[in-house]
Amino acid sequence: MGAWDPRKLGVAGLVLAVVLFLAVNIFSNGAFRNLQADLTQNSLYSVSEGTEKVLADLKEPVTLRFFVSRSLLDLSPGLGTYSQRVLELLQSYVDAAGGKIRLEIIDPKPFSNEEDRAVGFGLQGVPLNDAGELGYFGLAGTNTTDDQDVIGFLQPQREPFLEYDLTRLVHNLANPKKKVIGLVSGIPIDADPANQYKPWTVVEQIKQFFEVKSLGLEPEITDDIDVLMIVHPFGLSDKTLYAIDQFVMAGGKTMVFVDPYAEEGSRSNAAMRLPPDHGSDLEKLFKAWGVEYTRDKVLADLGLAQRVQAAVDAQGKPVITNYVAWLSFPADRLKSDDVITGELRAINIATAGFVAKAKDADIDFDPLIVSTEASAPMEAQKFRFQPNPAEILKSFKAEGGPLTLAARVSGKLKSAFPDGPPEDKDKKDEAAEEKENGSAGKPHLEESKEIVNLIVVADSDILADSFWLQIQDFFGQRLVVPTANNADFVINALDNLSGSSELIGLRSRGFSDRPFDRVIEIQRAAELQFRDRERALLEELKEVEGKLKDLTTKEDEGATVILSAKQKQAVEDFRRQIIKVRGQLRDVRRALREDIDALDGWVKIVNIAAMPAAVALFAIGLLIARNRRTRRRYAGSVG
């Protein structure tokens with residue numbers, strides 16, 4: 001048999017290489033379609049463990065319809081980039097759900113059937129032109145029983161909470177029943193059966209999203225309660241405290257509002273001829289749960305103080321002063337990466353307390369609302385009976401640093417009743433039976449079964465109408481105009497707590513549109529180095545141009561002055577000086593960009609050349625290894 005022709009072998013090898021390359025690509029596209037690596041800092045393009053758990057627990061299919069108008073994306077390039085981010089995350093949900101999520105991408109063109117579907121779902125359209133055409137960028141989800149949930153418009157500003165919003169929507173469709181809020185309140189914030197007083201606005205808004213059950217101060221906490229909301233509790237019996245304790249030990253989600261002085265509540269209770277307010281507490285429970293709070297101290301903060309009219313002076317003029325107990329918390333005092341507070345802009349409170357993690361407590365304590373450095377605890381007694389804001393301000397002294405108004409508390413907790421349910425003096429026999437079997441036939445829990453989730457707020461006036469809204473009359477209708485996000489805070493918290501533990505654990509994931517921090521850093525350093533020189537050159541240029549203008553346009557009785565030879569020479573000198581200064585300006589401005597251009601060059605080299613170089617080095621390594629194996633085989637055959 002004749003020797004192989006090296007040329008034919010080379011051609012055949014090249015053809016086989018091309019065929020193998022195409023085959024590997026086709027195989028990898030099919031076999032590894034779901035295989036990906038998310039190398040972004042906050043894992044923006046992959047779902048969290050909490051979301052994976054929610055998706056894995058889906059019992060029935062969910063259909064997600066992403067309504068995105070192509071015409072809207074064409075008008076807004078930024079929205080186009082964000083739409084790709086949303087689409088990629090939705091596809092991650094489809095992949096992680098194992099066939100339980102079906103995704104539809106719909107372009108609702110104006111006046112089309114698809115637009116009618118978007119309108120039917122209640123999505124929010126935005127104007128595209130003066131012809132009345134609308135664009136859509138929202139999500140509608142449905143389950144097998146025709147329940148639906150929507151995100152009316154996917155706001156790019158809410159990108160850090162995109163995963164939370166999507167997971168919440170899927171979770172709601174998987175669990176469509178309206179959540180139940182059990183309300184235990186020492187002040188009348190909900191309407192009474194006789195309609196003697198109306199519910200506070202925050203309760204009316206809560207009822208738009210949840211079913212609210214008012215339980216009074218001696219509650220029976222039934223199994224249908226999803227979240228327990230406790231407002232200004234005082235004078236609670238051990239039986240009630242035990243019921244709350246065991247609800248929490250069993251994993252019940254709870255939101256507590258305690259207050260050293262409930263101003264609005266005191267006015268309501270005074271009208272009902274109830275005793276004066278001396279603050280509320282859950283001392284026995286807090287102590288066991290690792291939360292520090294005292295109803296004898298008020299959080300005062302000069303940095304957040306609201307301006308109020310304190311009194312009138314000797315001339316009868318109003319005295320306007322800072323009231324250090326009435327505070328307005330701006331966005332930078334609210335936790336920015338928590339779904340409860342991340343999008344809020346302001347929260348108003350009055351004569352609030354503060355909470356902290358107890359020393360050696362084995363809990364996670366995550367502050368949500370925090371005061372400034374210009375804060376301090378003050379005696380609550382100063383504020384309870386006709387306080388004088390001007391006099392209080394005089395005695396105020398900032399100390400102790402920032403204090404926490406509201407916080408998340410989570411962890412494995414111990415019961416405040418380690419020996420079992422408390423005894424009822426009138427029913428000792430029944431108490432003994434309860435101690436053995438637990439309350440209402442339930443076994444006593446000495447510690448929580450699982451991770452407990454609480455939100456503790458050291459103020460109840462945060463709920464009161466007078467501190468966060470104005471009510472106006474609009475042609476006979478009651479128009480509520482919020483001046484702060486107090487109700488949003490409460491509803492966000494209840495919504496978050498009423499979800500699964502996985503949903504509660506989700507946090508902000510950051511923005512996909514990340515700034516070039518290194519470039520910004522270089523720009524700032526260059527500006528500091530060159531801006532003064534640039535400013536001096538500009539002033540010099542302005543001065544020279546002014547002198548030149550004086551020489552060339554000087555007028556005498558309406559006629560232009562004829563320049564002498566010396567003046568003409570001066571004009572030429574000025575012009576040369578202008579050219580020189582302009583050249584120096586260009587050099588300075590070029591220097592401003594030198595480091596940035598250098599960084600840009602290296603980024604391009606890495607992006608364009610790094611991968612081919614890596615492939616080439618890999619191929620060279622394979623070739624060297626193959627040649628070595630060939631030489632070894634050849635040496636072995638010769639030997």
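Predicted model: local features only at pLDDT ≥ 70, side-chain atom pairs only at ≥ 80, totals over all residues.
View 1. Residues are numbered from 1 along each chain as its sequence is written, and side-chain values use heavy atoms, with hydrogens and water left out. Here you can see Arg 65 and Glu 104 meet through their side chains at 3.6 Å, N to O. That pair links distant parts of the chain, with Arg 65 in strand S1 (residues 62–68) and Glu 104 in strand S2, 39 residues apart. Helices (H or I, at least four residues) and strands (E, at least two) are DSSP runs, numbered from the N terminus. Glu 104 also forms a salt bridge with Arg 102, and their closest N and O atoms are 2.5 Å apart. Together, Arg 65, Arg 102, Glu 104 and Arg 117 are linked in a network of salt bridges. Arg 65 counts as buried because its relative accessibility is 13%, and Glu 104 is buried too, at 16%. Buried means under 20% relative accessible area, exposed over 50%, and partly exposed in between (1.4 Å probe, protein chains only).

**View 2. The salt bridge between Glu 379 and Lys 297.** In this pair, the closest N and O atoms of Glu 379 and Lys 297 are 2.5 Å apart. Glu 379 lies in strand S17 (residues 375–379) and Lys 297 in strand S11 (residues 297–301), so the bridge ties together parts that are 82 residues apart in sequence. Glu 379 is partly exposed at 40% relative accessibility, and Lys 297 is partly exposed at 26%.

**View 3. The second largest pocket.** About 540 Å³ of space lies in this pocket. Its lining has 20 residues, and Arg 158, Asp 165, Arg 168, Asn 492 and Asp 495 lie nearest the centre. Strand S5 (148–151), helix H6 (162–174) and helix H14 (486–498) are the elements that give two or more residues to the lining. The largest share, 5 residues, comes from H14. By class, you will find 10 nonpolar, 4 polar and 6 charged residues in the lining. For the search, a pocket is an open set of points on a 1 Å grid over the protein atoms alone, where a 1.4 Å probe fits, with protein on both sides within 12 Å along at least five of seven lines; lining residues have an atom within 4 Å of a point.

**View 4. Two loop residues with positive phi.** Which phi value does Phe 111 have? Its phi is near 65°, a positive value in a residue other than glycine. Phe 111 lies in the loop between strand S2 (101–106) and helix H5 (113–121), and it counts as exposed because its relative accessibility is 66%. Asp 360 has a positive phi of about 70°, although it is not a glycine. Asp 360 sits in the loop between strand S15 (356–357) and strand S16 (364–370), and is exposed, with a relative accessible area of 73%.

**View 5. Ala 288 and Lys 414.** The C-alpha atoms of Ala 288 and Lys 414 are separated by 6.2 Å, with the residues 126 apart along the chain. Ala 288 is found in helix H10 (residues 283–289) and is partly exposed at 29% relative accessibility.

Conventions: Points joined across faces, edges and corners; volume = space filled by probe spheres on them. Nonpolar A, V, L, I, M, F, W, Y, C, P; charged D, E, K, R; others polar. Salt bridge = Lys/Arg side-chain N within 4 Å of Asp/Glu carboxyl O.
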